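User: Hi! Could you take a look at this one with me and talk me through the aromatic side chains?
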Amino acid sequence: MKIAIIGQGYVGLTISVFASEHFDVIGFDNNKIVVDKLNQGISHIEGVASLDLKRWIKSGSYRATSYGADLAEVELVVIAVPTPLTKDRRPDLTYIDEACKTIGENIVRPVLVINESTSFPGTLRNFIKPAIEKYSKKHVEHLYAISPERVDPGRGDYNQKNTPRLFSGLTPAASEKTREFYSNFCDILVEVSSPEVAEAAKLFENTFRQVNIALVNEFAQIAHALGISVYETLDAANTKPYGFMKFTPSAGVGGHCIPVDPTYLAEVAEKHGAPATFIRRANEVNLAMSQYVVDRVQADNHGTLTGKKVQVIGIAYKPNVADIRETAAERVIEHLLARGAIVSWHDDLVGTWKGEKSTPLHGAEIAIVMTLHDYLSSEKVIAAAPYVFDTTGKLSGCPGL
Ligand SMILES: NC(=O)c1ccc[n+]([C@@H]2O[C@H](COP(=O)([O-])OP(=O)(O)OC[C@H]3O[C@@H](n4cnc5c(N)ncnc54)[C@H](O)[C@@H]3O)[C@@H](O)[C@H]2O)c1
């Protein structure tokens with residue numbers, strides 16, 4: 001069977017590589033640079049080995065393209081495109097709309113369309129299906145299903161095979177075909193009663209994380225005010241064998257999911273007249289952590305950062321990936337610059353960011369550790385500046401959260 005995966009990023013490429021063992025996969029992406037690299041067997045995603053990609057290219061079961069016409073013969077399409085926030089932090093479905101246009105204009109015989117992009121309940125039924133029908137020149141009776149992606153890039157213990165996968169079709173036939181498809185490379189498939197339940201479950205999973213992270217971030221501030229260690233207190237609480245789950249403080253949440261998905265849930269809740277107070281407040285608390293960190297650093301440095309050389313260490317939003325989407329480091333840097341600090345940053349995984357290159361680990365008066373990649377040794381980081389503020393909780397002897 002020939003299938004297409006629209007979007008060859010973290011989610012789409014990961015799925016493509018797993019599916020290539022069983023299907024002829026066309027990886028469609030509208031970024032031609034990404035497509036060219038993929039066709040040379042060069043992966044741009046941590047967790048997807050270039051070696052695997054090369055193997056599937058060689059066997060003829062994978063190729064990337066930017067041409068919509070290449071999708072004409074496929075029997076199944078997976079949508080895996082970004083669902084970010086707009087500048088005013090509202091759900092942005094423009095990428096999904098574009099993907100629907102590609103499908104509508106190029107696929108003229110009935111196929112199964114599965115959405116893996118994260119969005120609010122009702123997206124499959126009320127947005128994707130009508131959009132594809134709108135863009136099709138003639139009416140085609142596609143099958144539609146949702147299977148929200150749970151991949152955690154850079155994670156070794158859970159992957160496509162052993163992470164349970166939720167799914168639901170708009171019709172029983174769509175559900176059945178979706179089950180058949182994923183059962184080739186997923187061990188545990190969990191069918192739910194409607195696409196809306198699957199869509200909502202995905203949003204709730206990430207909202208649960210966002211709210212708990214906000215709670216622990218607030219608690220870090222309380223612990224500091226009380227003069228006790230937040231980490232010791234959390235470890236103590238975590239000895240309770242039930243009813244407690246440990247989250248750790250940070251300078252804020254980053255990435256494509258935790259800072260974004262809860263806003264999709266809040267938006268749809270409020271549209272339906274339901275409250276989303278916890279969700280909105282958690283978002284505010286997490287966003288405000290960058291300011292709290294800079295306040296603490298300023299207070300420790302004679303109350304001013306003006307003219308001080310500050311290096312921010314670790315720009316990626318989490319260890320061992322180069323992903324800078326929604327990174328809290330950006331907000332920390334904005335606060336530092338607003339207070340007159342001379343800011344540089346170090347992150348050799350990210351390399352180049354906003355036209356600037358990662359700087360070596362020395363020469364600053366103050367270092368703020370945001371993300372500790374494995375390649376960074378604690379000794380080197382602690383020696384990076386006379387004053388090192390640690391937001392990760394991994395460096396002993398440094399001031400921090
Ligand atoms: N990254 C994660 O950890 C993760 C986990 C679970 C779910 N998700 C969700 O999966 C979806 C995709 O996220 P991602 O992290 O893979 O994004 P990504 O930015 O890594 O990749 C998206 C890819 O889609 C391409 N693209 C954008 N519009 C396109 C279009 N119209 N046609 C073809 N290609 C297009 C981009 O060029 C890019 O290569 C999002 O909804 C996200 O919330 C992501």
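Analyst: Happy to. Let's start with F208, which has 35% relative accessibility and so counts as partly exposed (buried is under 20% relative accessible area, exposed over 50%, partly exposed in between, with a 1.4 Å probe and protein chains only). One caution: this is a predicted model, where local features need pLDDT of at least 70, side-chain atom pairs count only at pLDDT 80 or more, and totals for chains, interfaces and linings use all residues. Residues are numbered from 1 along each chain as its sequence is written, and side-chain values use heavy atoms, leaving out hydrogens and water.

User: And F247, buried or exposed?
Analyst: F247 is buried, at a relative accessible area of 9%.

User: How many aromatic pairs are there?
Analyst: The count is 7 aromatic pairs, where rings of Phe, Tyr and Trp (its six-membered ring) pair if their centres lie within 6.5 Å; planes under 30 degrees apart are stacked, over 60 edge-to-face, and the rest tilted. Take F23 and F181: their ring centres are 5.2 Å apart and their planes are at 40 degrees, so this pair is tilted.

User: Where do F23 and F181 sit in the chain?
Analyst: F23 is in the loop between α1 (10–19) and β2 (24–28), while F181 is in helix α6 (residues 172–182), 158 residues apart. Helices here are DSSP runs of H or I with at least four residues, strands runs of E with at least two, numbered from the N terminus. Both F23 and F181 are buried.

User: Which cluster do ring pairs make?
Analyst: Ring pairs join F23, F181, Y182 and F185 into a cluster.
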